[in-house]
Amino acid sequence: MNVARNHGNPPWRPCWQVASLAGLALAVHASAQAGTISHSVEPGDNLYNLAARYMGNPHAWPDIQKLNHISNPHRLKPGTSLLIPKVSSTVTASFVHGEAWLVDDAGNTIKRIAHGDQLNEGDIVRTGQHSYLSLEFADHSVARILSNTHVRLDRIKESGLVPQGQRVIYLEQGNMDVSVTPAPKRNSQHFKVITPQAVAAVRGTRFSVGVGSVSATSVTQGKVEMQPPQPGKSRSGKMLQAGQGIAASGNGLGEVQPLLAAPDLSQLPSMLPEPELLQFDWPAVNGGSEYQYRIAQDEGMEQVLWNAASYSASATLPSLQDGEYLLAVRALDSYGIPGYEAQHRFIIHSHPSSPWLLSPQQGQPIDGNGILRCTPVEGAQGYHLQIATDDEFRELVVDSGLLDRCQYQLASLAEGDYYWRVASVNAEEEGRLGPYSQPAALTISQDAHTLPIIAGEAYWTSTLQDARYIAQISRSPRFDTLVAEQELDSPRINIQSLPAGRYYVRLATRLGNDTGPFSDARIIEVEHEDNGMDRTWFDKPRS
């Protein structure tokens with residue numbers, strides 16, 4: 001008996017239940033017939049539910065019936081095999097920063113995800129610390145997977161059999177931001193994010209979901225329908241409008257909450273010259289218990305280079321390459337619900353790098369006719385030096401012109417306490433100064449004794465406490481081979497133990513396990529007195 005396609009009246013009563021990550025007890029294996037999968041019928045199966053599970057559209061059950069020549073769709077014999085049309089599509093990794101992996105059910109790494117990779121239904125994704133992954137769907141909806149997050153692409157179905165598409169993501173741990181392309185009003189919610197505590201279903205909106213001890217959802221555009229994982233008469237859902245959020249636990253959905261206001265970032269600096277670390281501080285948001293922040297270079301904040309969280313109203317991270325960036329910050333309330341986001345544009349201008357200082361040494365006074373010396377910088381056209389009576393350099397007493405060498409001869413400078421700083425002049429953009437070095441104290445005393453320069457030793461001043469640095473040392477300005485690499489715990493470097501000669505040294509600041517970009521190379525000369533004694537192997541120049 002042939003059963004006519006009847007979308008309105010299937011020949012049985014459907015039984016709906018959202019499938020969880022481990023909820024499908026199905027014996028599925030690859031079929032020899034292209035474009036289909038094989039399913040072993042279990043008690044309780046019917047064509048309507050199988051079409052919903054495998055094809056994303058319960059009304060497509062006649063296609064299964066026709067493919068398998070089923071005369072009576074009301075009766076499926078357990079243990080028999082059915083061929084089911086394969087309805088799924090790939091998802092594109094449109095942006096990857098840091099570490100994003102495809103993993104198996106046990107969490108073992110299968111491969112690292114790269115830009116442009118195609119992910120499939122059932123794939124499990126994990127991101128690392130400060131990492132970020134954007135997944136773009138066929139309808140241009142985007143799921144942004146933040147750092148330390150674990151998700152599964154539970155159902156990704158887009159075809160003529162599923163006009164509105166079906167996209168279901170299971171979020172086990174971490175945070176996601178989602179932009180869903182609106183679907184026609186007549187279509188059901190076609191994008192769902194399932195967590196252990198709740199289901200967020202939408203037609204088109206922008207929202208975020210985070211999972212920790214509870215799951216928290218906030219909506220900034222459109223609306224989101226929230227349901228417990230297993231809806232029932234005693235566990236009704238709630239509708240979130242834009243500007244609202246909700247937290248869910250094992251006890252069910254909490255109360256709908258208004259979103260916290262966006263943080264005030266108006267007083268943050270817009271220009272950051274040669275930062276060792278990027279550090280931002282803003283006024284605390286009333287009711288905020290934590291802050292999430294991210295940094296990107298594109299206007300839409302899609303290509304995120306850093307994302308992290310802080311319990312204080314501040315953000316600290318290693319510096320980035322020169323360029324223009326956007327900082328985005330949002331506060332989380334005591335339920336863990338993210339509030340509105342604020343953005344701040346800033347520019348990093350750190351090249352050409354400023355010189356390091358050679359003499360006078362820190363705390364060493366010099367007389368008013370002494371010489372200030374600093375390290376040359378590879379590629380610099382020249383140098384510009386300033387001396388002031390204040391550390392903000394509002395009261396200048398020396399403002400040199402272009403110096404062809406990284407040194408300056410004082411001319412009867414009066415006794416007293418001063419500050420000095422030096423900038424490199426860009427050789428490619430004539431006259432353009434790089435950032436100045438941080439101010440260093442300078443004491444002028446006519447009773448000071450001139451001390452020799454310590455060859456192979458340089459220092460710089462830093463506003464950071466307990467900063468660490470990675471110094472790479474090479475004979476070549478290209479750093480194609482390294483003589484040594486050192487980790488420094490203070491703003492000073494000493495390479496006197498190396499054989500005599502010229503060295504190129506570049507520096508990067510380290511924060512935890514993260515290291516910022518390297519500076520331009522400074523040039524340091526190492527000299528040794530020849531006293532007729534034989535040198536050890538370490539002291540002899542390397543051929």
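Before I show anything, one definition: a charge sits over a ring if NZ of Lys or CZ of Arg is within 6 Å of the ring centre and within 35 degrees of the ring normal. With that rule in hand, the charged end of Arg506 sits over the ring of Phe479, 4.2 Å from its centre, and Arg421 lies over the face of Tyr436, also at 4.2 Å from the ring centre.

A word on what we are looking at: this is a predicted model, in which local features need pLDDT of at least 70 and side-chain atom pairs count only at pLDDT 80 or more, while totals for chains, interfaces and linings use all residues. Residues are numbered from 1 along each chain as its sequence is written, and side-chain values use heavy atoms, with hydrogens and water left out.

The pLDDT, which is the predictor's confidence in each residue on a scale from 0 to 100, has a mean of 85 for the protein, and 85% of the residues reach 70 or more. Over residues 531-543, however, the pLDDT is below 50, and it also stays under 50 over residues 1-34. Where pLDDT is low, the predicted coordinates should not be read in detail.

Let me return to Phe479, which is found in the loop between β37 (468-474) and β38 (484-488); helices (H or I, at least four residues) and strands (E, at least two) are DSSP runs, numbered from the N terminus. Phe479 has a positive phi of about 55° although it is not a glycine, and His69 likewise has a positive phi, near 55°. Most residues other than glycine have a negative phi, and most peptide bonds are trans.

Are these two residues buried or exposed? Buried means under 20% relative accessible area, exposed over 50%, and partly exposed in between, using a 1.4 Å probe and protein chains only. Phe479 is buried, with a relative accessible area of 10%, whereas His69 is exposed, at 73%.

There are cis peptide bonds to point out as well: one joins His351 and Pro352, with omega about -5°, and another runs from Ser359 to Pro360, with omega near 5°. Pro352 is in the loop between β28 (338-349) and β29 (357-359), and Pro360 is in the loop between β29 and β30 (371-374).

Now to the interior, where a nonpolar core is a set of buried Ala, Val, Leu, Ile, Met, Phe, Trp, Tyr and Cys residues joined through side-chain atoms within 4.5 Å. Which residues touch the most other members of the largest core? They are Met176 and Phe207, in a core of 35 residues, to which strand β12 (residues 162-179) gives the most, with 4 residues. A second, separate core of 33 residues includes Met301, Val304, Tyr325 and Ile348.

Last come the aromatic pairs, in which rings of Phe, Tyr and Trp (its six-membered ring) have centres within 6.5 Å, and planes under 30 degrees apart count as stacked, over 60 as edge-to-face and the rest as tilted. By this rule there are 7 aromatic pairs. The rings of Phe137 and Phe191 have centres 5.4 Å apart and planes at 80°, so this pair is edge-to-face. Tyr325 and Phe346, by contrast, are stacked, because their planes are at 20°, with the centres 5.6 Å apart. Tyr325 lies in strand β27 and Phe346 in strand β28, so the pair ties together parts that are 21 residues apart in sequence. Both Tyr325 and Phe346 are buried, and together with Phe280 they form one aromatic cluster.

Conventions
Contact means heavy atoms within 4.5 Å.
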